[in-house]
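I opened my notebook for a first pass through this one. The plan is to jot down what I looked up, spot by spot.

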Amino acid sequence: MTTALLKTLGILTKPVREAHSSDGQSTQTTLLSALQRNLSELHENLLAGGELEEARQLLEEVRREITWVCSDSVDLTWTFVQECLLLLLSLARHLTHLLEVFHQNPVVPTPGTPEAAPPLSPDVLSVVQQKTLATVLQFVVTLGLCPYLAPGVGVALGLRSAFGAEVEAAVRRDVAPAGDRRLLITTNVLLEVSKLSSLATPIFTRHLGDIMAALCQLAYRPHRPDGDGIKNHKGLTVEERKSCKESLHSLLGKVYQPIVIKELLVLQGGPKQASSVSKGVCAGGKALTQAPPWLRRLCGQLLSERLMQPHGVQAVVRAILESTGVGGDSDWRKCDAVAKILAACPQQSLSAESYFSRVCPQVLELLHFKDKLTAQQFQRVATRAALTMVQDRPEFAHRFLLGPLFSTLHRCTEETENDPSKDAVEEWELTCCIEDIYKICVVGNSPSKLLLKDLQDVSPTLFSLFCFTKHNVSHLRTPCQEILLWCLSHSERSEALSLLKRLCGLMGEVGGVKHGFQFSPGSEGGAKLSVGEQVSDEDDALYEKVSGEQWKVQCLVELLGEMKDNDLPGEFFLLLLENLTAMAGEQEKEQEVDTSSMTLLELEHHLLERASGHGQTLALLQTLAIVCEGLPHTILLRKPTQVVGFVVSMLQRACVGLECGADSPVESQTLSMGIGLVATLLSGAAELSPDDYLSMAELLPPLDQISQKHPEPVIQELASDLRATIATRGAYRPNTIPTAARQHRPAETASRNPNTHPTKTLSSIPHTTSNKTLAGQQTSTHSLSSENRPSPLVSQVPTSPASHPKHATDTAPGVSSHSAEPKPGHAGGSVPSSQAFSECLLEAYNPDVPTRAVALRSLTRFCRDGDKAALQSKDKLLTVFLENLEHEESFVYLSAIQGLAVLAEFYPEQILQRLLAEYHTGPSEGSPKRQCSLETRLKVGEVLMRASRAMGDLAPHYGRRLVGVFLNGTRDEDSSVRASSLSNLGELCQLLNFSLGPLAQELSICLTALIKTDREAEVRRAAVHVIALVLKGLSDKTTQVLGDVLLELYRALKWVVRSDPDDVAVLHAQLALEELEDVMKRFIFPQQKLEKKIVVLP
C-alpha cells in the first residue's frame, strides 16, 4: 500500500510540462489548469480501482474521520492542498501501522551467511519515493502555508523566486475557509505527519522556518477584528492559540538548536533590529522585509531563552558561524558581532546577574574545543566576549568570568582544613587554566585594570609554575612566560615594579604555593600540584629554601631579558640601586641605637627587626648581583634618563657614606666612577641635547652635597665644577672636567688613539660601570664557567690619592708608592706604549679588585696585539698572571686565566712547559715551595684547555706532552682533578686526528678502567664524554685511527647504558653510541656520488 499511496502523490504532483498546455497562456493560468488536470486524473485512477483500491479505501477512511475538509471550496489551490494533506495523513497512518506490527513481531534474521543484514524498517522510503514526498511537501507549503502568512512574517514567496509571486497571486483569499484557518490546518497536519521520523526529516530539513513562522503567527499575532477583509471572520479560539504555543515550544526544544536560532534570526526580519551578522539578507540575496514589532519581540525572547539554556552560547555561535567556514573576509566581523551579542544582557532577562551567571561559564567553555576549524572561531568569539564583558560590566565579569578563570591558580595558594590529598590540583586542570588565561590575555591583547589586577593577584603562583617548568621540559613554559611578560608590559609602571619586587622576594616570601605543597611533573608534559616531601634535616631544608629563592631570581632575570624593547628592566635596576642606597642609610642609623635602656621585649623586637632587615639586605644584594650578571647594558640602560638615574644612584650612595662618616673602598670606588662618568658626559664624549641637560638636573643636589661635605678639596672642586656645568647647560666648562674625563678612559684607548675622543652615545657610556659598582659590594665566588660571558669592564679606574686616600701606598712589591700615581702626561696627551704597559703591570698588584682586573685585561690585550714591551717581558707577565691566578675574586682570576691562555697561544714552548709543571706536580722552580691548592690546579687546567683549543694545526706537535699530563691527572686522588683532566683530554683529542693513533690503546685502557671502576659519578661522566668528543672529532676517520680499540670502546659504552646508576652518564653514553652509529653507517653505506671521471690521454 505504501507504493500505491506514493503513486497517487506522484499523479497529483505531475510536472506541468507533461500537461498539454496551449501556447500564449499566462503562468498563473497554466498552473491552475495543471492542478485541475492532476486532480481529475487522480480521481479517475482512484475510481478505476485496481492497485489503488486499498489506497482509495484508506483515503476515504481518513476523510471521514477529519472535520476540516471543505468539499465545496471554490479555490482550486486549497482543494489541491486538501488532497495532498489527506494523502500525507493516509501515508503516515499506514507507515505507523506497519511499524507497530514490525515491533510487535520482530523478524529474526537467519544467520546462515555472514552477510545476513538486519531486517529493514518498513517506513524506509526509496530515493524515488523520497523525491516524490519532497515535491508534495513543497506544494503543500507553497500553496497552503506561505500565502497565508502576514506581511513581514517569514520569507515571502516573491523574495524566493519569480515564480513564487505568480503562485501567490493564484491563491484566492476571499473565499472560505479563512486564511488563518487554512494556515492552522496545514500546520497541524504537517506537525502530525512529522511525528513519524521517516517523514519528519524531509519536513524539518526543508520547511522548518515556514512552520515556525506559521506557529508564531497563529499563537502570538495580536487579534485584529478586521482581519484580512474576509466576511464573518471569527479568528482562532483560545484553545487553538494555546495549542499552537505548545507546539511551537515543543518544536523549538527537540530540533537542533543552531538551526532553530538561525531560523529565528531570519524571522526577526530586516535590518532594524537584526544583528549585523544576519543583516537582512535572504538565501536569494535580496533584503528581508521588516518584521512586525510583535514578531521581533517574540523572536528576541525566544533567542534569549535559547541563549540562557545549557549550551545555549555554543548553539548561538554555531548558528551564526557554522555556515561561514574559515578564511572569509567577514569572519572576524561576525565573531566580533557575536561577542557583542553575548556581552549585552537582553531585555527579556530577569536580571543582569542571572544572565551573566549563566552565560559566563559557557563563554569559558568555548575555549576548550579541540577541533582546529571550530576552535579558531570559537576562541575568537570567547576572547572578544570575555574582554567586552570585562570592559563594559566589570562587576559581573569579576564574579562570574575572571573568578572561574583564575580559580585553579587560587586553589594553589588557599589554605583549607580538608584532607591534603583533596587540595591537590590535577595536571589537566592546570593545563586548561593556563591555556585559557593565555588565550584571553595574550591572544586577546586588550588590557584593562580589572583584568590586570586579577592577573597580578595570581602572578606569584604563575611565576612559581614558570620557575618549575624551567627545571625540565614542559609545554607550559612558553604560555606562562608569555602571560607574565604581557602582565608586566601592560601594567602601570609602579604596579609592575611592585610586582617584580614581590616576585624576587624583596617584599617577603614569594609564595605562590600553599605550605606543604609543590609542583611536580605531569604524565603528559604538564605539571600538577601535589603534597611535597617533608625534609627532616634543617640544613637540607635551609639549603632548598635558599637555592629555590636564588633560582626564582634567576628565572625572573631571564624573564626580564626577554623585554628587550621595554624600559621596565632598566627602571627595576634603578629601583634596586635606590633601595640599596636607602638600606645603607638605615644600617648606619641602626648602629647608633642604644639598647642598654630597652626592656627584654623591646630588645627582642629590635633584634627581630634587625634580622629581618638583614635578610632583606641579602635578598636585595643577591637580586642586584644576578640582574647585573644576567642582563646586558643594552637592556638595563636603554634611555639617557636611565643613564642619569644610574649616575644619581651612585652619587646618592656616596652621599650616604659622607653623611655617616664612612670611608671604605666601596664608597670611594662608587664616588670615583660616578664623578668620572659625569665628567665624561660633560666633556664632549656624547652630544648632549637640551632634554639630556634637563634630565641631568637630578644630579645637582648630590653634587652640591659632595662639594660641601667631601673631605678632599680636589673632589669638592670637581663636584662644584660639574654642578656649574650642568646648571649652565654647558655654557661654563672649566678645564678640570676634560682632565677628569681623560683619567677615566681606558689606558689602551689613550695609548692607541690619544688625540681623539670616543664617540659614544649617552646610553652606551655606562656599559663600563654597571657591573663595576657591584664588584666592590659582592664577594661571592664564581665558577670557572662564568668566563664564557664577556666581561663588562672596559674602562680603567683612577688610582689618584683623591679617590683612594687610604690605599695609595698599597702597590706592587718593591715599587715605591709615588710611582703608582699617574704621571702628568698620562692624563693629558700621548703616552708611550712601554709606559702604559709598565703602569698596567704595576696596577696588576693594586688591592682594588676592579683596578687589578682591568689591568690584567689590559696586559692581555697588549700581548694579543703584539706590543713590543709585552713581548720582551713575557716572563714577568707569566709571573703576574700565575700569582693573580690564586686570587679569590673571580673577576681577577678569570682575567688571569684569559691572559695565560693568550701567552700560551703565542709562546707555547715556554708557557706550556711551566703550566704543565704547575698542573702536574704543583710547585715548580720559580714558585713557592708548597703544593698548589686544588682550586689553583683546576684554574691551570682551564688555561690548558683554552690553549688546546687555540692550537689548531699545532695540536699534534704539542699534543703528546699534553696527553701524557692529562692521563697522569686521571690518577689523582681528588675527583675534581680527575674530571678536569678528562675534560681537557676530550678537548685535545678532538684536534689530534691521525696523531691520536699511537695513543689509542693507552687512551682506551684508561677510559675503560675509569668507566668501570671509578666511584665518583662526575668522573665516569667525564670519561664517557671523552669518548663522545673523540668520535665527534674524528668523524669519518674513526675506523682508521681507532680501529684496534673501537670494539672495546663500544662495549664500555654499552656497559654504561646497561649498568651505570648515574642517569647523566647513561645519557652521555647514549649520545656517544648515536655518534658511533652514524660513523659506522657512513662507513658501511658510503654516500653514492654520481660523477664521471674524464682522463686526458697523453
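Below are my entries, from the overall counts to single residues.

**Overall.** I'm working with a predicted model, so noted. I started with the secondary structure, which comes to 49 helices and two strands. Next I checked burial: of the 1098 residues, 50% count as buried. I also looked at how far along the chain the contacts reach. Taking contacts between residues at least 6 apart in sequence, I get 74% that join residues at least 24 apart.

**The two strands.** I went to S1 (residues 517–521) and S2 (residues 527–531) and found that they run antiparallel, joined by five bridges.

**A helix pair.** How do H20 and H21 pack, and at what angle? I took H20 as residues 459–469 and H21 as residues 477–490; their angle is about 140° and their axes are 9 Å apart. Angles over 145 degrees would count as roughly antiparallel, so I put H20 and H21 down as oblique to each other. Their crossing is left-handed. I then listed who makes the contact: on the H20 side it is Ser 459, Leu 462, Phe 463, Leu 465, Phe 466 and Thr 469. From H21 come Arg 477, Cys 480, Gln 481, Ile 483, Leu 484 and Cys 487.

**Asp 721.** I picked this residue out of helix H31, which spans residues 713–727. Is Asp 721 buried or exposed? Its relative accessible area is 10%, and the cut-off for buried is under 20%, so Asp 721 goes down as buried. Leaving aside neighbours within four places in sequence, I found Asp 721 in contact with Tyr 732, Pro 734, Thr 736 and Ile 737. I also checked Arg 733: it is twelve residues from Asp 721 in sequence, and the C-alpha to C-alpha distance is 7.4 Å.

**Thr 1038.** Last stop was helix H47, residues 1038–1041, where Thr 1038 lies. Its relative accessibility is 0%, so I marked Thr 1038 as buried. What does the side chain of Thr 1038 reach? I found the backbone oxygen of Ser 1035, at 2.6 Å. Not counting residues up to four places away in sequence, I have Thr 1038 touching Leu 1031, Gly 1043, Leu 1046 and Val 1079.

Note on methods: Residues numbered from 1 in each chain as written. Predicted model: local features only at pLDDT ≥ 70, side-chain atom pairs only at ≥ 80, totals over all residues. Heavy atoms only, no water. Pairing = 2+ DSSP bridges. Helix = DSSP H or I, 4+ residues; strand = E, 2+ residues; numbered from the N terminus. Buried < 20%, exposed > 50% of the residue type's maximum accessible area, 1.4 Å probe, protein only. Polar contact = N/O pair within 3.5 Å; in protein donor to acceptor, adjacent residues only side chain to side chain. Contact = heavy atoms within 4.5 Å. Axes fitted to C-alpha atoms, helices over the stretch in contact; angles between N-to-C directions. Parallel < 35°, antiparallel > 145°, perpendicular 65-115°, else oblique. Left-handed = near helix turned anticlockwise from the far one by under 90°.
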